[in-house]
Amino acid sequence: MNHDVSPILDELRAMAVFATVVRTGSFASGARALGLTRAVVSHHVRSLEAKLGVPLAQRSTRSFSLTPAGEAFRVHCERLLDEAHDGIRGMELLRAEPRGEARITCSHHFGNKRILPVLLDFRRRYPAIRLHVAMNDANVDLVQQGIELAVRAGPLADSDLVARRLVSEPTMLCASPAYLRRHRAPATVADLAEHRWVVYPPTQRVLTATRDGQPIEMQVRGDIVTDSAASRLAFVLAGEGIARLPAYDAAAPLAAGELVRVLPELETAALEIYLVHGRRIGPSARLLRDFLLAAMQESG
């Protein structure tokens, strides 16, 4: 028998009780929601406080508020409770053919390259779930648009949303052979200042890379400025300049000789792609979320 399991089980139960108390706003309400007595609920919270060595809540007969430690610990407890509910609902969905609808938004280019094939697989697996797919390069307001899932690049700024990393895509500097024939291929980072770039996104002015672990900044200037990743690739292939491209764009043209990697010793930052959603989403959206995460992990 593993003697480490029993205390963990007790703590997990106490964490679920604490999360319920926080969500309902009081010990009495939490006790009613859980079908327990207030004394039992208080016991679980006190046991957590004893384990952690800090008070989690300030309570009296009329008021209840979290301490700073309680506010920080609440996030973990609520996540635990949500994951448990999601797991149970996910298993319930497997007992019968899932139905309903899921709404997702993603950019045109990455969506067509990486998301659409997964959505087609999802439809073959769950044909009774209706999909609403909004291809949009802008970061739409999920609540206002009634969209449950969004595929977005970069770190998440809105703390009211949950972000799960889908993929970390390597990037590299590339240009076409035709461009490099017209403009001497850069041999050093300093040479890049004399070259034209296909600027994406339009706000890009400086690009940071590393060489031998040391950071390097490069000025990004060019006659082509675009807000479309597909356009960026087309302009680079047409010989209009150098650009930082993700591997999913660069791999096939590099293999075919349509692109050349520029200064391969430079390491440019990976493109971090996240699946973003609200803290509570419907069962069909949860199913699609988990399907996308699993598919992306398998594909690397």
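This is a predicted model: local features need pLDDT of at least 70, side-chain atom pairs count only at pLDDT 80 or more; totals for chains, interfaces and linings use all residues.
**Largest pocket**
- A total of 44 residues line the largest pocket, and Arg152, Ala153, Gly154, Tyr200 and Leu271 are the closest to its centre.
- Several elements each supply at least two residues of this lining, among them the strands β3 (100-106), β5 (149-153) and β13 (267-278).
- Helices take part too: α5 (108-125) and α8 (229-237) each give at least two residues to the lining of the largest pocket.
- Sorted by class, the lining of the largest pocket has 28 nonpolar, ten polar and six charged residues.

**Second largest pocket**
- Here the lining has 20 residues, with Glu78, Arg79, Asp82, Val162 and Arg279 nearest the centre.
- At least two lining residues come from each of α4 (68-94), β6 (161-175), β13 and α10 (283-299).
- The most is given by α4, with eight residues.
- By class, this lining divides into 13 charged, five nonpolar and two polar residues.

**Ser176**
- You will find Ser176 in the loop between β6 and α7 (177-182).
- Ser176 counts as buried because its relative accessibility is 2%, and the cut-off for buried is under 20%.
- The Ser176 side chain reaches the backbone nitrogen of Tyr179 at 3.0 Å.
- Leaving aside residues up to four places away in sequence, Ser176 touches Val236, Leu237, Gly239, Glu258 and Leu259.

Key: Residues are numbered from 1 along each chain as its sequence is written. Side-chain values use heavy atoms; hydrogens and water are left out. On a 1 Å grid over the protein atoms alone, a cavity is a set of points where a 1.4 Å probe fits but cannot get out, and a pocket is an open set with protein on both sides within 12 Å along at least five of seven lines; lining residues have an atom within 4 Å of a point. Helices (H or I, at least four residues) and strands (E, at least two) are DSSP runs, numbered from the N terminus. Ala, Val, Leu, Ile, Met, Phe, Trp, Tyr, Cys and Pro count as nonpolar, Asp, Glu, Lys and Arg as charged, and the others, Gly among them, as polar. Buried means under 20% relative accessible area, exposed over 50%, partly exposed in between (1.4 Å probe, protein chains only). A polar contact is a pair of N or O atoms within 3.5 Å; within protein, one must be able to donate a hydrogen and the other to accept it, and residues adjacent in sequence count only if both atoms are side-chain atoms. Contact means heavy atoms within 4.5 Å.
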